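This report looks at a loop residue and its surroundings, and then at the aromatic rings of the chain.

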Amino acid sequence: MRKSTMLSLLFVAVSAVVPGCTCVARDAETYKNDTRSLLETRNKAIKDCYDVALTTDPKTDGEVVVNFTVEKKTGKIISVEADKARTKAPDSLSKCIVDAIDGLILDPVDQRDGQATFSWKFRANEPKPAEEEAPEPTS
């Protein structure tokens, strides 16, 4: 039986202006969209994380909320951690997602550190009811 994932990104917040950099200066909405696009490059890896979790428990579902920083000047995603208070999924799934996005690089870099929170929701497909066999016609 094949299960699928439902991925959704909820929220990104950007803060901390740093002057003196020759980098770009994204507005908050552009920073959010660019970071989302970067994370989407790992959708297959994140789906693979969920598929592995389903092998342990076919009913695995929940939400993984991850906080991280996009480092100014380098664009590297650092300090990636699952938000334990808001995450409602197995620890192994959270760790796999953290590992999948840790170290990604936003290019071009920005002159600000970006403080971000992203969320992925997972829901196992309900199994389809078995079709009842029709009785064989008798003659």
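## A threonine in a loop

T60 lies in the loop between α2 and β1, where helices (H or I, at least four residues) and strands (E, at least two) are DSSP runs numbered from the N terminus. The model is predicted, so local features need pLDDT of at least 70 and side-chain atom pairs count only at pLDDT 80 or more, while totals for chains, interfaces and linings use all residues. Residues are numbered from 1 along each chain as its sequence is written, and side-chain values use heavy atoms, with hydrogens and water left out.

T60 is buried, with a relative accessible area of 5% (buried means under 20%, exposed over 50%, partly exposed in between, with a 1.4 Å probe and protein chains only). Leaving aside neighbours within four places in sequence, T60 is in contact (heavy atoms within 4.5 Å) with Y50, A53, L54, P90 and A124.

## Aromatic pairs

Rings of Phe, Tyr and Trp (its six-membered ring) pair if their centres lie within 6.5 Å, and planes under 30 degrees apart count as stacked, over 60 as edge-to-face and the rest as tilted. By this rule the count comes to two aromatic pairs. The rings of Y50 and F122 have centres 4.8 Å apart and planes at 25°, so this pair is stacked; it links helix α2 (residues 43–56), which holds Y50, to strand β3 (residues 114–122), which holds F122, across 72 residues. Both Y50 and F122 are buried.

The rings of F68 and F118, with centres 5.9 Å apart and planes at 15°, are therefore stacked as well. F68 lies in strand β1 (residues 62–70) and F118 in strand β3, so the pair ties together parts that are 50 residues apart in sequence, and both F68 and F118 are buried.
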